[in-house]
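Subject: Structure handover

Hello,

Here is the structure I promised to pass on. Please open it beside this email, and my notes follow below.

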Amino acid sequence: MQISDYFAHQSRWGGWEYAFWLLWIVLFFVPDSNLVLLTQILIWGLFAMSLDVLLGYRGIPSLGHAAFFGIGAYSAGFLGKYGWTEPISGLLISALITGCAGLAMGRVVRGLHGVALLMVTLGLNMILFDFVQRSTDITGGDDGLQDIVIAPVLGMFRFDMYGKTAYVYVLVVVFIVTLLVRALVNSPFGLTLRGSRESTRRMIMLGAPVDRDVTLAFGVSAAIAGIAGALLAQTTQFVAPEMVAFTRSADVLVMLVIGGTAVLYGGYVGAAVFLVLRDVFAAMNPVYWYFWIGLLLVVIVALFRQGILPKLAEKWTRFREGR
C-alpha cells in the first residue's frame, strides 16, 4: 500500500478522524476564536478536496479548477439575488449546475493529456474570467455581484455578523460532503480511478471505461468545487470576479500540494497552513506576501515530497512497526 493511499483504504474510521472533526467542534466554543478564518479554511479545504478527486485520485492535472468554484458561487449568488433565498436548496442547485459544467468539460478534455490538457483547462478558466469581468450588467463586473439575500438556515438560524451560523452551516455541509467523497473513493468507482491513475493502459486492457470515468471524475470534482463556491457566496453574500481568476486555481493547487494528494484530508491541512500563513505574511508585508508563500512551497516540497499529511502517515506507520 502506498502511503498516499493510507487514509483512503481505511474502511472504518480511525481515531485521528474522530479527533479531526472533534477539533472543529471544540474550536467553535473556544473564546475569541476567529470563526471567519476557520470558516474560510473549511470552504477552501473542501475546494482543495474537489481538486484532489481529479488530481490525486485520477491523476488529471488542472489549471482551471477555479472556474467550477466561481460557477458555484455565481449560481448561488444569482439565486439569492433574484428571489431564491433558501440556502440548502440553493446549495444543491448550484452543485447541480456546476456538476453539469464539469461533465461538459470532462467530455471536451477526456482525450487530452499533459501540456494540452493543462492549456485547455487554463484557457477555459481565462475565458470565463474575461466573461465575468466584461458582463457588467449580469455579474457586476469588477464590482462583483451584490444585493444577495440568504434566508435563515432551516428558517430559524440567521447569518450573524459574528459568523457563528455560517461556521456551523459550513461545518455540517463540509462534513456531509466529506463523508460522501470518502465513500466514493472507497467504492469500485474510486478504485477504478486510482487504477487509471497508476496505469491507464492496464485498465483499458481490463475493460474499464476509462474515458467515461474521466468525464464522471470531472463532474464529481466540479460539483464539490461548486458547493465550496456556493458556501462562500452564501456566507459572505457577495461574489467577486476573483473567484474565477487563475490565481484561485493556483492557490488551491498550492494548498493541495502542501497538504498532500490522494489522502482525502490533505486539502484541509493545506488550506489551514496556507490561509493562516497568508494572514501572517500579509501582516508582515501586504505587497510581497506571495514571495513567502512561494518560499514555503519550495520548503514543503523539499522536506515533505508527498505533502504534510502523507509524511505524517509514513512516520506513524514506521512508529507502529517499530522501525
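Which side chain does Arg182 meet in a salt bridge? The partner is Glu17, at 3.0 Å from N to O. A salt bridge here is a side-chain nitrogen of Lys or Arg within 4 Å of a carboxyl oxygen of Asp or Glu. Arg182 lies in helix H7 and Glu17 in helix H1 (residues 15-29), so the pair ties together parts that are 165 residues apart in sequence. Both Arg182 and Glu17 are buried. Buried means under 20% relative accessible area, exposed means over 50%, and partly exposed is in between (1.4 Å probe, protein chains only).

Some ground rules before the rest. The model is predicted: local features need pLDDT of at least 70, side-chain atom pairs count only at pLDDT 80 or more, and totals for chains, interfaces and linings use all residues. Residues are numbered from 1 along each chain as its sequence is written, and side-chain values use heavy atoms, with hydrogens and water left out. Helices (H or I, at least four residues) and strands (E, at least two) are DSSP runs, numbered from the N terminus.

**Other salt bridges**

Side chains of opposite charge can pair when their charged atoms come close. The search of the whole structure finds 5 salt bridges. One of them joins Asp130 to Arg134, with the closest N and O atoms 2.8 Å apart. Both residues lie in helix H5 (residues 114-134). They are 4 residues apart, about one turn of the helix. Asp130 has a relative accessible area of 33%, so it is partly exposed. Arg134 is at 65% and therefore counts as exposed.

Asp279 also forms a salt bridge, with Arg278. Their closest N and O atoms are 3.7 Å apart. Asp279 is partly exposed because its relative accessible area is 35%. Arg278 is partly exposed too, at 27%.

**The largest pocket**

Rolling a probe the size of a water molecule over the atoms shows where empty space is left. The largest pocket has a volume of about 470 Å³. The elements that give two or more residues to its lining are helix H4 (87-109), helix H7 (164-185) and helix H10 (210-236). H7 gives the most, with 10 residues. The lining has 21 residues. Leu91, Val172, Val173, Ile176 and Val177 lie nearest the centre. By type, the lining divides into 20 nonpolar, 1 polar and no charged residues.

How were these terms set? The work uses a 1 Å grid over the protein atoms alone. A pocket is an open set of points with protein on both sides within 12 Å along at least five of seven lines, where a 1.4 Å probe fits, and lining residues have an atom within 4 Å of a point. Grid points are joined across faces, edges and corners, and a volume is the space filled by probe spheres set on the points. Ala, Val, Leu, Ile, Met, Phe, Trp, Tyr, Cys and Pro count as nonpolar, Asp, Glu, Lys and Arg as charged, and the others, Gly among them, as polar.

Helix H12 (266-284) and helix H13 (289-303) are the elements that give two or more residues to the patch. H13 gives the most, with 5 residues. Val280 is found in H12. Val280 is partly exposed, at 39% relative accessible area.Patch residues have over 30% relative accessible area and no salt bridge, and nonpolar side chains (Val, Leu, Ile, Met, Phe, Trp, Tyr) are joined within 5 Å, like charges within 9 Å.

**Loops and distances**

Asp32 has a phi near 60 degrees, a positive value in a residue other than glycine. Asp32 sits in the loop between H1 and helix H2 (35-55). At 80% relative accessibility, Asp32 counts as exposed. Leu154 is not a glycine either, and has a positive phi of about 60 degrees. Leu154 is in the loop between helix H6 (136-139) and H7. It counts as exposed, at 56%.

Leu145 is placed in the loop between H6 and H7. Leu145 counts as buried, at 1% relative accessibility. Its C-alpha atom is 7.8 Å from that of Tyr74, 71 residues apart along the chain.

Best wishes
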